[in-house]
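Subject: Structure handover

Hello,

Here is the structure I said I would pass on. Please look through it before reading my notes.

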Amino acid sequence: MKLMKLARGPVALVALATAVGTLTACSGIGSSSGGGGGGSGGSVTLSYLVDNSDAAVKSANAMATAFHAANPTITISVQTRPQGSDGDNAVKTKLSTGDMADVFAYNNGSLLQALKPATNLVPVSDQPWASDLDKVFVSSTTVDGKLYGAPGGTAFGGGVLYNIPIFKRLNLQVPQTWSDFLKDAQTIKAAGIDPIIQTYAASSTWTSQLFVLGDYHNVEAQVPNFAAQYTAGKMKYANTPAALAGFQHIDQARPYFNKDYRSADLNTGLADVANGKGAMYPQLGASAQGISTIAPGKSNDVGFFALPGDDAATNGMTVWSPGGVYIPKSTKGAKLDAAKKFLAYYASSAGCDTETQAEPPEGPYMVKSCALPSTVSQVAKDTQTYFKDSKATVALEFESPIKGPNLEQICIEVGTGQASASKGASLYDDDVKKEAQQLGLPGWS
Amino acid sequence: VTTTLPQTGQQPDIAEGPRRPARAKRGPYPYWFYLPAGVIYTIFFIVPTVVSFYFAFTRWDLFTSQWIGLANFKEFFQEQALVTGLYHTLIYAVITSGLKVVLGMLLALLLMSKIIARGYLRSVIFFPVLVSTIGVGLTFTILMDPEQGLINRSLSHIGVNGPGWLVDPTWALISVALVDVWKGVGLATVIYIAGIASVPSDYYEAARVDGASAFHLFRHITLPLIRPATVTVIILSLIGGLRSFDLIWAMTHGGPGFSSDVIASVIYKEYQAGFFGLSTAGNVVLFVLVSVIVVPLFWFLNRNETQR
């Protein structure tokens, strides 16, 4: 009797532990098999992980609904993860523990390489739609010769959002060279308007990088093999004048920043450029989507031009590929087939139309059979012109796996006058070194 | 578990005479009683600690790890952000700890006096300790906005042009430290109130009979006798200051630039960037740093106390 009584404690503990274990296991399985009807009767539920931004969730839900309407046996349940670096960690952790959703949306380029696609993702090079994709997307989403995802959304540029009415009123042309850009800034300043908007609030620090990242078209125009040399550790920002220019531009633009540039955030910046409080805002074209809600009715007052370099003849835009939609290796059997169908939908014109309805595009689609509707925003039209004229270069982060994590803080140091341009560039070279070593690239030990 | 049960189950039998001395030596409980805590302690504390020391010497991407010896530590100490981060950490710890000691003591003296609504005022000073740090951080970020914030607008009414607080590189760290003091001073005050309350009133009466002034009472009776409270406040707030992260992250993300980065935020950013080995090495450094500062300080403060 006594023995039994004693035994109850530890046994109960073990039982409890098992129960907890089963519970967590259940929720684990539940999250990947969705409504629990997986397999039976031919119907499949796929979980689909996207980041928690409004645009991503809205577009994912629209795609899920439209896809289910076209394929009634497959249900997509959308799940969310944080954005930014926390999201990167969530994706990496889920993949390494085999806990990833059946399908997930994520960046391509250098971030995709960090996921070790060969071990973690299902290649889709053999899918029929793979040949219908734009080279900007294909080159950004191919690792070691294999394509790993379908395009989720449109490409977009990195350049300068500008207020069209101000430019008209002051009789300004879109600047083709950096010196023209500064001259325009001078004219705008004389008219009592903030010439260049910067937004360094803690929530929007990433916006500081545009001067450097958006200048890559000009870097490549002058040093065509920069990406390869840079990845091999042979060229650095600090000792390559064309690359250093991005940091120098921040320093030269400083006198023209808006007064509250240290505390303004992305939304303030977008409102200012849309309402004409400021004239030029170096930004990603994709950010212009926010204007319709922040400054209703002003979407067509905002245009978009490339960050100019030294030479007007090579003027062109640095562009970003849309992220990909991927299938992890943990998705198998009927789910894998369903997941491939879902990716095919993303790469179809029906999929593009669904995306257009959910979120107005800010650049061209990466599926050749998709067309932009005629009612798109001015920013999308301006971006597409650069694509049409073949004046678009894909950003460095798609050409090289290394991007230092502290670029935004370093740009802010230069922008607030804490560091000189050359000091900023060499700080960034040190920052990049850690990333290259982490990836085990040759030439960086 | 089941195989050991029959034997361990015997142990807590009703104590018979001869077995008692042996048990007394082992402690009051049988071994199986320690088992659950021991298992939890091993799985959740010993194993991760040992493993983290291992990963500090590797280049680790969560999928694979590669032994690289001391390279992580070398990298960490070469990094400029770390050197400034180290310096900021010390400044932050000293400012917050110093202000909490001084303000905590003064507030405790005030709240021990015979003022109206003393109980209510005592709880008011403690409320910020209970509020979420992130909430406090976000609230003060809005209050400290250089253009629209309540603080600078109020200052401008009395003709003072307030600094940029969180957005000015020279002010950012100090601004966060001040908010940290506001949030944490309640705890220091409560410790001091307990310390002051434990000083016997006989001493004061005796000193007053001898003609001691109020300052003398404070200097020669209160201050020496609340020394244990002072030691506790210094140690607690110094450790808190050295490993502070949440408030800084909520308010500035270590910015503008790197001007309010402390070791903990440098480590966090490295973890975010996927440098898992490097950031684990950073945590080992932080552990060593806290030990190196706090252990001798603790020993020094307590030694003096016992010597008196």
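This is a predicted model: local features need pLDDT of at least 70, side-chain atom pairs count only at pLDDT 80 or more; totals for chains, interfaces and linings use all residues.

Chain B

Chain B has 308 residues, and 41% of them are buried. Its secondary structure consists of 15 helices and two strands. Among the contacts in chain B with a separation of 6 or more, 66% are between residues 24 or more positions apart. The accessible surface of this chain is about 16900 Å², and carbon and sulfur atoms account for 70% of that surface.

The interface

How many residues of chain B are in contact with chain A? There are 41, and they touch 37 residues of chain A. The area buried between chain B and chain A comes to about 3300 Å², with 59% given by carbon and sulfur atoms. On the chain B side, the residues that lose the most area to chain A are Phe63(B), Phe258(B) and Phe275(B); together they make up 20% of what that side buries.

Two salt bridges are counted between chain B and chain A. Lys259(A) and Glu147(B) form a salt bridge through their side chains, at 3.1 Å from N to O. Five residue pairs, both members at pLDDT 80 or more, are in polar contact across the interface of chain B and chain A. Several elements of chain B each supply at least two residues to the side that touches chain A: α1 (5-10), α3 (31-55), β1 (58-60), α14 (263-272) and α15 (276-307). The largest share of that side, five residues, is from α14(B).

The cores

The largest nonpolar core contains 120 residues. Those with the most contacts inside this core are Tyr48(A), Ile196(A), Phe226(A), Tyr237(A), Phe247(A) and Met280(A). Helix α15 of chain A (residues 333-346) gives the largest share of this core, seven residues. Apart from this core lies another one, of 18 residues, including Ala108(B), Ile125(B), Leu217(B) and Ile221(B).

As for Tyr48(A), its contacts beyond the neighbours within four places in sequence include Ala60(A), Ile76(A), Val78(A), Val103(A), Phe104(A), Val325(A), Phe342(A) and Tyr346(A).

The salt bridges

Side chains of opposite charge can pair when their charged atoms come close. Over all chains, the structure holds 11 salt bridges.

In chain B, Lys100(B) pairs with Asp180(B) in a salt bridge, with the closest N and O atoms 3.1 Å apart. This pair links distant parts of the chain, 80 residues apart: Lys100(B) is in helix α5 (residues 80-112) and Asp180(B) in helix α9 (residues 172-197). Are these two residues buried or exposed? Lys100(B) counts as buried because its relative accessible area is 10%, under the cut-off of 20%. Asp180(B), at 13%, is buried as well.

Another salt bridge joins the side chains of Lys269(B) and Asp261(B), at 2.8 Å from N to O. Both of these residues are buried.

In chain A, the side chains of Arg254(A) and Asp251(A) meet in a salt bridge of 3.8 Å, N to O. Arg254(A) counts as partly exposed, with a relative accessibility of 33%. Asp251(A) is also partly exposed, at 32%. Elsewhere, Asp194(A), Asp272(A) and Lys277(A) are linked in a network of salt bridges.

Regards

Technical notes: Residues are numbered from 1 along each chain as its sequence is written. Chains are lettered from A and ligands numbered from 1 in the order in which they are written. Side-chain values use heavy atoms; hydrogens and water are left out. A nonpolar core is a set of buried Ala, Val, Leu, Ile, Met, Phe, Trp, Tyr and Cys residues joined through side-chain atoms within 4.5 Å. Buried means under 20% relative accessible area, exposed over 50%, partly exposed in between (1.4 Å probe, protein chains only). Helices (H or I, at least four residues) and strands (E, at least two) are DSSP runs, numbered from the N terminus. Contact means heavy atoms within 4.5 Å. Accessible areas come from the Shrake-Rupley method with a 1.4 Å probe; for residues, only the protein chains shown count as cover. Buried area is the accessible area (1.4 Å probe) that two parts lose on being put together, summed over both. A salt bridge is a side-chain nitrogen of Lys or Arg within 4 Å of a carboxyl oxygen of Asp or Glu. A polar contact is a pair of N or O atoms within 3.5 Å; within protein, one must be able to donate a hydrogen and the other to accept it, and residues adjacent in sequence count only if both atoms are side-chain atoms.
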